[in-house]
Amino acid sequence: MASKPTFSDEIANLLHASHGNPIKICMQCGTCAGTCPSAPFMDHTPRRLIAMINANMKEEVLASNTYWYCASCYHCTVRCPCEIDIAGLMYALKRYSMWKGQFKEGLIGPVFSETFVKTIFRSGRSYEPILATTYLFTFGLQDFITEAQTATTMMLKGRLPLLPPRIKRLKNFRRMIGRVIPVGGLE
Ligand code: SF4
Ligand code: SF4
């Protein structure tokens, strides 16, 4: 009987379409950590996170803010001497974390991602006023008022839609999305 895949196997499977080498060959040189502009805000550097994945430290990885703070700049990917697609790994970890419904409390990233996917699934289009509410309340009162005034001005000038736009053949679109991502609970 085939054995259950480990956490690092699951992450490797998510990277099957990546052009990079398997993360198992990481030699822990630290180039990615040294080159990452977001590293000061991460609780684990990309180098350490890769070591944790290879050690199957699933709970610790899912509790990390590292991949949610990744700015997708690809500096790490182009500089890694082992040609590992670290930026691709960060995307894979976001997807994995959302699918498992397990992420660090208090982060805007997962809430924003979930709202974005739900909005797209329901109407086929992004709708900024709904997306903005996922982080607007984290601002101070003054910033909140400024943002709300800007949004109102943009709506009045027709730069933001008043109502969410809907695409034609939404059913077909939803069926297509359902084939590539788990969409349970989105309707
Ligand atoms: S740069 Fe590449 S080899 Fe070096 S620690 Fe990062 S992932 Fe590993
Ligand atoms: S892609 Fe992400 S992890 Fe890599 S250097 Fe940029 S911010 Fe850091």
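1. Domains. The domain assignment, which is automatic or taken from a database, divides the protein into domain 1 (10-100) and domain 2 (108-180). The centres of domain 1 and domain 2, taken over C-alpha atoms, are 28 Å apart. Along its principal axes the C-alpha trace of the protein spans about 55 × 45 × 30 Å.

2. Basis of the values. This is a predicted model, in which local features need pLDDT of at least 70 and side-chain atom pairs count only at pLDDT 80 or more, while totals for chains, interfaces and linings use all residues. Residues are numbered from 1 along each chain as its sequence is written, chains are lettered from A and ligands numbered from 1 in the order in which they are written, and side-chain values use heavy atoms, with hydrogens and water left out.

3. Secondary structure and contacts. The protein has 10 helices and 0 strands; helices (H or I, at least four residues) and strands (E, at least two) are DSSP runs, numbered from the N terminus. Of the 187 residues, 34% count as buried, where buried means under 20% relative accessible area, exposed over 50%, and partly exposed in between (1.4 Å probe, protein chains only). Contact means heavy atoms within 4.5 Å. Among contacts with a separation of 6 or more, 64% are between residues 24 or more positions apart.

4. Ligand 1. A residue is near a molecule if one of its heavy atoms lies within 4 Å of it. There are 14 residues around ligand 1, of which Cys26, Cys29, Gly30, Cys32 and Cys80 come nearest. Helix 2 (31-35) and helix 3 (46-54) are the elements that give two or more residues to this shell. By class, the shell around ligand 1 comprises 10 nonpolar, 3 polar and 1 charged residues; Ala, Val, Leu, Ile, Met, Phe, Trp, Tyr, Cys and Pro count as nonpolar, Asp, Glu, Lys and Arg as charged, and the others, Gly among them, as polar.

5. Ligand 2. The residues around ligand 2 include Cys36, Cys70, Cys73 and Cys76, together with Pro37, Pro46 and Tyr74. The shell around ligand 2 divides into 9 nonpolar and 2 polar residues, with no charged ones. Cysteine 73, one of the residues around ligand 2, is partly exposed because its relative accessibility is 36%.

6. Cysteines. The structure holds 0 disulfides, a disulfide being a pair of cysteine sulfur atoms within 2.5 Å. Cysteine 82 is in no disulfide, and the nearest cysteine sulfur, that of cysteine 80, is 4.9 Å away. The relative accessible area of cysteine 82 is 12%, so cysteine 82 is buried.

7. Serine 8 lies in helix 1 (residues 7-14) and counts as buried because its relative accessibility is 4%. Not counting residues up to four places away in sequence, serine 8 touches Lys24, Ile53, Asn54 and Asn56. Serine 97 belongs to helix 6 (residues 86-100), and its relative accessibility is 0%, so serine 97 is buried. Leaving aside neighbours within four places in sequence, the contacts of serine 97 are Leu62, Tyr67, Trp68, Gln102 and Phe103.

8. Backbone angles to inspect. Most residues other than glycine have a negative phi. Glutamine 28, however, has a positive phi near 55°. Glutamine 28 is in the loop between helix 1 and helix 2 and is partly exposed because its relative accessibility is 30%. Glutamate 83 likewise has a positive phi, of about 55°, although it is not a glycine. Glutamate 83 is in the loop between helix 5 (75-79) and helix 6, and its relative accessible area is 56%, so glutamate 83 counts as exposed.

9. Helix 8. The buried residues of helix 8 (residues 128-136) are Leu131, Ala132, Thr134 and Leu136. These residues pack against helix 7 (108-123) and helix 9 (141-156).

10. Arginine 174. Which helix holds arginine 174? Arginine 174 is found in helix 10 (residues 170-180) and is partly exposed, because its relative accessible area is 27%. Leaving aside neighbours within four places in sequence, arginine 174 is in contact with Phe121 and Arg122. A polar atom of the side chain of arginine 174 lies 2.8 Å from the backbone oxygen of phenylalanine 121. The C-alpha atoms of arginine 174 and threonine 31 are separated by 41 Å, with the two residues 143 apart along the chain.

How values were computed
Polar contact = N/O pair within 3.5 Å; in protein donor to acceptor, adjacent residues only side chain to side chain.
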